[in-house]
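My entries follow the order in which I looked.

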Amino acid sequence: MRVWLITGLILFLSLSLRAQAEAKFSISGTISSAENGEALIGAPVFIQAINNGTNANEYGYYSISLPAGEYEVVYSYIGFEKQTVHIVLNENIRKDIELKVSNSTLDEVTITAEKKDKNVEQVQMSVEKMSIEKIKKIPAFMGEVDLIKAIQLLPGVQTSGEGSSGMYVRGGNVDQNLILLDEAPVYNASHLLGIFSVFNADAIKDVELYKGGIPANFGGRLSSVLDIRMKEGNNKRLSATGGVGTVSSRLTIEAPIVKDKGSFIISARRTYADVFLKLSKKEEIKSSKLYFYDLNLKSNYKINNDNRLYMSGYFGRDVSKFGGDFGINWGNATGSLRWNHIFGEKLFSNVTLVYSNFDYFLGSNEGVDAFSWKSNIKDASAKLDFNFFANPNNNIKFGYHFIHHTFVPGIVKAPGEEGIVTGLELENKTALEHGLYVSNKHRLNNRFSMTYGVRYSLFQNIGKASVYNYDEQHQLTDTTVYAKGEIFNNDGGLEPRLGMKYTLTESSSVKLSYNRMRQYIQLASNGTSSSPFDIWFPASQRVKAQVVDQLAIGYFKNFKENKYETSVELYYKKGSNAIDFKDHAQLFLNPRLEGELRFGSSTAYGLELLLKKSQGKFSGFISYTLARVEKKIGEINNGETYLAHYDRTHDIAVVTSFEISKKWSVGANWIYQSGRAVTVPTGRFVYGGTVIPVYSDRNDARLPAYHRLDFAATLVPKHDSEKRFKGEWVFSIYNVYARKNAYSINFVTDDENPNLTYAEKTYLFSIIPAITYNFKF
């Protein structure tokens, strides 16, 4: 079946390409910014004579094949002046383009003319792209611009509550999102247990979220892909940006290595709460530590027109130490080395080597209670990706990905008697993950376009390993030991992908998408939100790969010459081998974790509405999500269907920005969410003098609804146009009307009257003002 499917796809591609055989010559090159040399991802290239064109890829490279003749080629990008080039095509032509940033006095329609209907015309649906400049205008907690918090405002994306950087996308859990930073996976994207995310906006160039119709070159997660690209560095001149805020300061420096050939960027951010702790007169406070930092590094060098190298890295860490004894720290380290090579004019290749490590530490130096606990997950991977610009109607991608996973679930050490160190070391686990894919973006005519492809993924468990075997009642029966390097389990399958777009009018279209996703690694967590101390573990002989099929349909319509964009999307997801934990599961340092798991099915469905205005002094969007997430697992909730703990029926976000003048602009956002599903006590009884609560069905109740209003005002003082230095002040208020949103509700027995139980609400934040000063030169 697999061979026939892949063979059929290749045959279909061959016939499609043969039908376009009259194309003889190619126009190819790169599209970048004239101001700093940054590649313009996805920049449109439009050929007026054929009313068609192509787009630059992730590295700014484009190629289009046409019959011999004369053509007017239009290059454009949002926020840049379009450039029209007359080309006489009688041979293959290399044309590198640098677009100039639009003057603010230019008519806004000119600025966005070539991409104003992209949401209607592109085949891809269920994808959201947010510019960093738009994200920076959204009011932020304590003035810290937060990419993840901005993403959480989009339709179909929900959060577990206040102070969380976890994302629940279309009914998926937080571990079902693939977060990539320059193609390296980031396993924990939060600082301060979720209050801030790890991404420094000053170092980021492009952010794209795929919720459905996920392209075949992505795999390994069920729900979404968040593809984040770092800036490449200014290859024209030295420049810097930075800011001083309420909780942190940051600085970014960019400069050429060789002008117009290579550049680098260094971006750093650090909080400084620990600086003020040293001012305390109390020694235990003075010796405490509380901070996080981020360091982004990237360089690139153009060897020649056909070869370019990129090297990037991210290093971030949270450090908390209390009274000089008890300490917690965790962090991510990622690295990517990429080589772009162009074969001829039509074939673009990218070879990537990736390293990613997430680790955490928990420990105490306090006497007989001293201990240390370490854990981490580490990936080493290689990717080989090709992009074949066959002709104006076919853009083919294919490649192979390989990942070597190492799981270190826990190493615990503590002093024993007579100074002897005792400890517990859970067995490390190792696995290989493979992905082979091919896809085509196919334009059949002026109205109908498709994307179709298939991915084959394979997961292999490798020894050395001791595998615990369980019977149907989940009782341990025996143990099987595998030698080092022995492959003892294979799990894999096909993942078809399909997207279709039919244009109804110049301003409206309908779209359909289907994708199957497989996930082989997952997170063990009993909490309602992710934390650094959750444990990643792999699929195995007992834990089969989770599989989700998603079908989505959407209607897209623009109004008033594309000033207003609207969309309506419906989705339905069905999952098999869904995982949940039995009641009272023991996850902490449990070598037999798989025995705590239960398996079944999941269902998620919903409606997403979006109204967006991107042009003019007043801009923003309104998003609404109506959703439901259900699980059915035999040994949980008496085998009856129950809601996932992250289920929220309604989710509304209103985000606005208004430019009052050249000096002042304001922004506000209002958020409303239904309370998340929880399990609560509904009664109690007394047994042997002990009060024992009786609980509802799993997740059968809800916390109170969550809502808040945020506001920000930006002041740009008048600057001398001759000077490069520019600054701005940002004044923000988080939770303007001081809503005390419930983070959790606990049921407590009254100390004076044991027969009385009352609910106790815990909340994190009330109203929080902040001031930030940003600068650039």
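**Ground rules.** I am working with a predicted model, in which local features need pLDDT of at least 70 and side-chain atom pairs count only at pLDDT 80 or more, while totals for chains, interfaces and linings use all residues. I number residues from 1 along each chain as its sequence is written, and side-chain values use heavy atoms, with hydrogens and water left out.

**Confidence.** I first checked pLDDT, the predictor's confidence in each residue, from 0 to 100. The mean for the protein is 88, and 93% of its residues reach 70 or more. By element, the highest mean, 97, belongs to strand S33 (residues 508-519), and the lowest, 33, to helix H2 (residues 108-112). Over residues 105-114 pLDDT stays under 50, and the model has 18 contacts beyond four places in sequence for them; a contact means heavy atoms within 4.5 Å. Where pLDDT is low, the predicted coordinates should not be read in detail.

**Overall build.** I count secondary structure as DSSP runs numbered from the N terminus: helices are H or I with at least four residues, strands E with at least two. The protein has 51 strands and 7 helices. I noted a C-alpha trace spanning about 90 × 65 × 50 Å along its principal axes.

**Surface and contacts.** Accessible areas come from the Shrake-Rupley method with a 1.4 Å probe, and for residues only the protein chains shown count as cover. The protein's accessible surface comes to about 34,600 Å², with 58% belonging to carbon and sulfur atoms. I call a residue buried under 20% relative accessible area, exposed over 50%, and partly exposed in between. Of the 777 residues, 54% are buried. Among contacts with a separation of 6 or more, 65% join residues 24 or more positions apart.

**Cores.** A nonpolar core is a set of buried Ala, Val, Leu, Ile, Met, Phe, Trp, Tyr and Cys residues joined through side-chain atoms within 4.5 Å. The largest has 41 residues, and those touching the most other members include Leu147, Phe199, Ile204 and Ile228. Elements that each supply at least two of its residues include helix H4 (132-136), helix H5 (147-151), strand S12 (177-181) and strand S17 (224-230). The largest share, 4 residues, comes from H5. A second, separate core of 36 residues includes Leu426, Trp536, Ala545 and Ala644.

**Ile204.** I then listed what Ile204 touches, not counting residues up to four places away in sequence: Ile132, Leu147, Leu181, Ile228, Arg229, Met230 and Lys231.

**Asp182.** I found Asp182 in the loop between S12 and strand S13 (184-185). Is Asp182 buried or exposed? Asp182 counts as buried because its relative accessible area is 0%. A polar atom of its side chain lies 3.0 Å from the backbone nitrogen of Met230. Beyond four places in sequence, Asp182 is in contact with residues including Lys298, Ser312, Ser336 and Arg338.

**Asn235.** This residue is also in a loop, between S17 and strand S18 (239-244). Asn235 is buried, at 6% relative accessibility. Among the residues that Asn235 touches beyond four places in sequence are Asn36, Gly37, Asp260 and Arg308.

**Gly554.** Gly554 lies in strand S36 (residues 546-559) and is buried at 5% relative accessibility. Outside four places in sequence, I list its contacts as Met125, Ser509, Val510, Lys511, Val568 and Glu569.

**Phe618.** Phe618 lies in strand S39 (residues 618-633). With a relative accessible area of 42%, Phe618 is partly exposed. Leaving out residues up to four places away in sequence, Phe618 touches Lys613, Thr656, Ser657 and Phe658.

**Val686.** My last stop was Val686, in strand S44 (residues 681-687). At 60% relative accessibility, Val686 is exposed. Its C-alpha atom is separated by 9.8 Å from that of Asn755, 69 residues apart along the chain.

Key. Buried means under 20% relative accessible area, exposed over 50%, partly exposed in between (1.4 Å probe, protein chains only). A polar contact is a pair of N or O atoms within 3.5 Å; within protein, one must be able to donate a hydrogen and the other to accept it, and residues adjacent in sequence count only if both atoms are side-chain atoms.
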